[in-house]
Amino acid sequence: MHFVSHLECAQCGQRYDATTVQNLCVTCQRPLWVKYDLEALREKFDRRTLFGRPPSLWRYLELLPVFDPANIVSLAETITPVLQLKQMGAELGLDHLYVKDESRLPTGSFKARGMALAISKAKELGISKVAVPTAGNAGGAMAAYAARAGMEAYVFMPEDTPAINQKECYLAGAKTFLINGLITDCGKLVGEGKPIKGWFDVSTLKEPYRIEGKKTMGLELAEQFDWQLPDVILYPTGGGTGLIGMWKAFAELEALGWLKPGRKPRMISCQSDGCAPIATAFARGDRFAVKFENAATIASGLRVPAAVGDFMILDAVRASGGVALATPEADIPGWMQHVCSREGLAICPETAVCFSALKQLLAEGKIGRAERVVIFNTGAAQKYPEAVSETLPRLDLNRPIDWAAI
Ligand SMILES: Cc1ncc(COP(=O)(O)O)c(C=O)c1O
């Protein structure tokens, strides 16, 4: 039993069949939403349905697009924990600061959610060959899930993608290529190769199902906050599926009547000033973003100069009463060290950007002390050795140790 009614273009509203393979809207080349029969769902299910289900994103199966659970491709995704950061909260002037730690997921990032759904759905639709352009973590996640599903996988990534992302794809058996360009150039190659190699394009928002996986961040968060959503969510934004997916989750939960009365969170889209197309469009009041030239940031997941879902990100941010902003690239390593040394929580460079943004918004009075604020740690810091340039002091066992200097 499933509740998917159809697919629908996010821009022109054209409807598509959800039982056949689809990428973008053929008319306007924009992403497709998965639509559910929420009326029927509302009648058949309430929150108690979840009691006793395994602590995994699959507990929300009725709100997911897989028709037959036998097609689920899983690496035992866990519900990611929400940690309160008391020290950082006190330091920044916040009573309720939390991090939802996505680094605990398979392959060490939230990308596992999207790929768990995309690959399960690809399996259900009979697809056996998949390709993706990646800033890093999505490639690693797709390679792993494709391996588990027995699919042939192709990954295209900028040649300066973090080494661990390169190696995880290789280990998972994906045919992985380094490109002397950006993720947008990799995306073009995936598109060009499609008719020749016959692969399915799993690019961010160019197929409808990764976003459904990302949606589970919002579903989990709502359940973890006992259906009373936090006031503010800070999210590091590259292609935008995380933020868009969560906003979709909140709308669906609202339609189901599962949320307690109250406002939905203000969504804060955080970018580095090394690559800030969404923050720039937000500041200009535009609905579509202009390609960001010379994009460069160590937060590799944010190095997306042009996002096909730009208007979906900006619509969600504005509808929520939030903002999109960019903070200094140079501050990223400092925030990674600062947060981890205060809280023991290793955050990825993308999330470091959110801490910088939080400080800025608090200083501007745009977030209040008593508000409940959630930052997403979208990936494991351990995947980014390149972001930490510190070299440690060496002790030479052939010389007397200078204990005074230690
Ligand atoms: C660790 C990390 N954080 C954030 C992002 C950006 O995510 P989204 O594309 O959903 O905006 C990425 C994307 O690669 C990532 O790997």
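**Cavities, pockets, sheet and helices**

Mentor: By the rule used here, the count comes to one cavity of 30 Å³ or more. On a 1 Å grid over the protein atoms alone, a cavity is a set of points where a 1.4 Å probe fits but cannot get out, while a pocket is an open set with protein on both sides within 12 Å along at least five of seven lines; lining residues have an atom within 4 Å of a point. The model is predicted: local features need pLDDT of at least 70, side-chain atom pairs count only at pLDDT 80 or more, and totals for chains, interfaces and linings use all residues. Residues are numbered from 1 along each chain as its sequence is written, and side-chain values use heavy atoms, with hydrogens and water left out.

Trainee: Which residues line the largest cavity?

Mentor: Its lining consists of Leu41, Phe45, Thr49, Leu50, Arg53, Tyr60, Glu62, Leu63 and Trp258. The volume of the largest cavity is about 60 Å³; a volume is the space filled by probe spheres set on the points, which are joined across faces, edges and corners.

Trainee: What is the volume of the largest pocket, and which residues lie nearest its centre?

Mentor: The largest pocket has a volume of about 650 Å³. Its lining has 45 residues, and Ile183, Thr204, Gly238, Gly239 and Val304 lie nearest the centre. Helix α6 (183-197) gives the most to this lining, with four residues. Helices (H or I, at least four residues) and strands (E, at least two) are DSSP runs, numbered from the N terminus.

Trainee: In what order do the strands of the open sheet stand?

Mentor: Two strands pair if DSSP finds at least two bridges between them. Here six strands form an open sheet in the order β4-β5-β13-β10-β11-β12, with mixed pairing. The edge strands, β4 (82-84) and β12 (324-327), each pair on one side only. Within the sheet, β5 (residues 96-101) and β13 (residues 372-377) pair in the parallel sense over six bridges. His96 stands opposite Arg372 in β13.

Trainee: At what angle do α11 and α12 cross?

Mentor: Axes are lines fitted to C-alpha atoms, for helices over the stretch in contact, and angles run from 0 to 180 degrees between N-to-C directions. The axes of α11 (residues 332-343) and α12 (residues 349-363) come within 8 Å and cross at roughly 90°. Therefore α11 is roughly perpendicular to α12; angles of 65 to 115 degrees count as roughly perpendicular. Contact means heavy atoms within 4.5 Å. In α11, Ile332, Trp335, Met336 and Val339 meet residues of α12, including Pro349, Val353 and Phe355.

Definitions and conventions. Angles under 35 degrees count as roughly parallel, over 145 as roughly antiparallel, 65 to 115 as roughly perpendicular and the rest as oblique.
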